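Here is a short briefing to read alongside the model. Have the sequence and the 3D view open, and we can go through the strands, cores and cavities together.

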Amino acid sequence: MLVRRPARVLLALTLLAQSITASAAPSAKDATEMTRASNLQWLQRLPFADRADFEAAQRGLLERFDGVVDNGKGQAVWDRGTYAFLDGREAPATVNPSLWRIAQLNNMAGLFQVTEGVYQVRGLDLANMTLIEGEKGLIVMDPLLTVETARAGLELYFKHRPRRPVVAVIYTHSHIDHFGGVRGVVDEVDVKAGKVQVIAPSGFFEHAVSENVLAGPAMKRRAQYMYGSLLSRGERGQVDAGLGKGVPTGGTVSLIAPTVEIAQQLETRTIDGVEIEFQLTPGTEAPAEMNLYFPRFKTLCMAENATRVQHNVLTLRGALVRDPKIWAQYLDEALVRYGDKAEVLFAQHHWPTWGQQEIREYLADQRDMYAFIDSQTLRLINQGLTPTEIAQRLDSLPPRLAGKWYSRDYYGSLSHNVRAVYQRYMGFYDGNPANLNPLPPEDAGKRYVEVMGGADQILANARKAFAAGDYRWVAQLTNHLVFAQPDNAEARDLQADALEQLGYQSENATWRNAYLSGAQELRQGVALAKGGNGAPDLVRALTPSMFFDYLAVRIDAMKAADEDLRINWRFTDINEDYALTLRNGVLTHRNGARHAAPEISVTMTKALLDRIALKETGFLKESTIGGITIEGGRLKLLELLGGLDEPNGQFNLVTP
């Protein structure tokens, strides 16, 4: 089925791909004796003598990648060498041994043969790129996040296999690290000519941006903490991201629209002689996602629905809460349908699983993990426990699950996943009226400081707790003081020290990154973001409707509350009309409509809107030189557009 609808994609999707200025002079401290002791205890809690994953992660290696991928301007987009500190070493005191283990596994980069006819490029990006050999060409699954890393991965494959044309690209789901590098593997000219199919699950375009557009600037800022973008790479900094090493920086994000949409729950197609059964799994790890089974190869691809970690029910950067109940159901369906067929299982992160018994156990464990998160959170909700209480009560998966490396908290965590389930069912309010309308942190902080006897008393108590290794309490206690007195250097330093030790102890890569990012900013202030427009395809794919939605969230309603406007907006090159209404400070729009008596009429092209969004020109300039025609209240429109709020891309997180 040919998909001709426009892509609803905004530049906010580049939140993982923009380069950030990291501190050149990190001031990270060493692990305390409490942290050293805590991390040593992990060596007794988990089966570190089991080296099966290390064997599996290296299985089928054709060529190890230890190089640099640049952007053609001498700037590194991906440099595997920055993680060389992980190679062949035992975990230092500043890294949880379990996290160090997955960081070493994720550091095994290169080209791998999964089975005959199936290859993967791993460790050149956050995700994997999978290559399926057809009768005449290649099927590329999930072409990574950037054009540069995808192109480098394809060239690595061609060093070992015949150079044949790419005949199809498959996007397994709607997250940017699984489609952003598509122009590195195919030319859109060939797609338009019908030489290359681009296949995606139903709803791919809609959901590709639904999590990220309107709250995009805030999500981008929080993603810096989640992925450790501001941290130097090293044993006192960023060591991993859980799903993979990290995200490329400074590369080009691209998009080519799908030509084929998988719309049926189960759908079989033959592509270049390769039969593929598609299993749609909406509402799981992504709202638009699908698993794939290849009968010829007896190989099952689980996309990102079953990886070697406990995944996120709610990602720390922010998103809509996922549904672990339906996630578990789709995993069970895959187990029933493919468990007695598949001899190899791979996903678009981490390394494969070989053997039918191993595959069945793996899928059953992953199913049970998400079902446990859902059912046990609901059980405790119905006993009246609050989110924090549930997270404290459910401090571990059942023993058999907790002992499996692929169930560990490397990316998602049981602690924040159960709170996400609470949010999904119950919302932000825990039922206690004292928490219904709490004071904001700055106001609360001032009052806490006063009742606790002032700054000196708080610092004395916090230092005592720090010496005892009670870092969670130190962070919470000093947080009140920092928000009451943001210039209190002793408070900032002590909170930074506590966050740092919590990061060193954390098994979860994203928690470690968040803790260490907070510590760094308390010590050094907020870093400046450097990010050009690395995703022109996404900007050009922006629909007028999405553009108007984005305008609406930038209007200060109270300032515009007294101004009523009806605006007709026409795009001549795509022959589309929009009726906009500003009333009570709220901008709404109707697609394919026109007001009978508008105060303002705007005529322009969609192509010009793209150029404005790419900052190649401006609205005021084009309205002056004739690129945009405005009839009626020209001044009112320009005042409205000129008064839009600018998102703060680097807002404070750990200080007021």
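Which residue in E12 is the bridge partner of Leu 266? It is Gln 279. This is a predicted model, and the points below are grouped by topic.

**The six-stranded sheet**
- Strands E11 to E16 form an open sheet of six strands with mixed pairing, in the order E11-E12-E13-E14-E15-E16.
- At the edges sit strand E11 (266–271) and strand E16 (353–354), each of which pairs on one side only.
- Strand E12 (residues 274–280) runs antiparallel to E11, and six bridges join the two.
- Strands of a sheet can pair in a parallel or an antiparallel way, through backbone hydrogen bonds.

**Strand E6 and its two partners**
- Strand E6 (residues 129–133) is mostly covered, with five of its five residues buried.
- Met 129, Leu 131 and Glu 133 point one way from E6, while Thr 130 and Ile 132 point the other way.
- Strand E5 (residues 118–122) pairs with E6 in the antiparallel sense over four bridges, and Val 121 stands opposite Met 129.
- E5 and E6 make a hairpin with six residues between them, and Gly 123 in the turn has a positive phi of about 85°.
- Strand E7 (residues 138–141) is also antiparallel to E6, joined by four bridges; here Glu 133 has Leu 138 as its bridge partner.
- Four residues link E6 to E7 in another hairpin.

**Nonpolar cores**
- The largest nonpolar core has 93 residues, and those touching the most other members are Ile 139, Ile 170, Tyr 171, Val 186, Ile 276, Phe 278 and Phe 294.
- Leaving aside neighbours within four places in sequence, Ile 276 is in contact with residues including Ile 139, Ile 170, Leu 292, Tyr 293 and Phe 294.
- The contacts of Ile 276 also include Glu 267, Thr 268, Arg 269 and Ile 271.
- Another core, of 39 residues, lies apart from the largest one; among its members are Ala 328, Leu 335, Ala 342 and Ile 390.

**Cavities**
- How many cavities of 30 Å³ or more does the structure hold? There are six.
- The second largest cavity contains about 130 Å³ of space.
- Its lining is made up of 15 residues, of which Asn 106, Arg 122, Gly 123, Asn 128 and His 350 are the closest to the centre.
- By type, the lining residues of the second largest cavity are seven nonpolar, five polar and three charged.

**Backbone points to check**
- Most residues other than glycine have a negative phi.
- Ala 303 is not a glycine, yet has a positive phi of about 50°; Ala 303 lies in the loop between strand E14 (299–301) and helix H8 (324–338).
- Ala 303 counts as buried because its relative accessibility is 0%.
- Asn 584 likewise has a positive phi, of about 55°, and sits in the loop between strand E18 (576–583) and strand E19 (586–591).

**Two helix residues**
- Glu 206 belongs to helix H6 (residues 204–210) and is partly exposed, with a relative accessible area of 26%.
- The C-alpha atoms of Glu 206 and Ala 288 are separated by 8.8 Å, although the two residues are 82 apart along the chain.
- Gln 505 lies in helix H16 (residues 489–505).
- Why does Gln 505 count as buried? Its relative accessibility is 19%, and buried means under 20%.

Notes. Residues are numbered from 1 along each chain as its sequence is written. This is a predicted model: local features need pLDDT of at least 70, side-chain atom pairs count only at pLDDT 80 or more; totals for chains, interfaces and linings use all residues. Side-chain values use heavy atoms; hydrogens and water are left out. On a 1 Å grid over the protein atoms alone, a cavity is a set of points where a 1.4 Å probe fits but cannot get out, and a pocket is an open set with protein on both sides within 12 Å along at least five of seven lines; lining residues have an atom within 4 Å of a point. Grid points are joined across faces, edges and corners, and a volume is the space filled by probe spheres set on the points. Ala, Val, Leu, Ile, Met, Phe, Trp, Tyr, Cys and Pro count as nonpolar, Asp, Glu, Lys and Arg as charged, and the others, Gly among them, as polar. A nonpolar core is a set of buried Ala, Val, Leu, Ile, Met, Phe, Trp, Tyr and Cys residues joined through side-chain atoms within 4.5 Å. Buried means under 20% relative accessible area, exposed over 50%, partly exposed in between (1.4 Å probe, protein chains only). Contact means heavy atoms within 4.5 Å. Two strands pair if DSSP finds at least two bridges between them.
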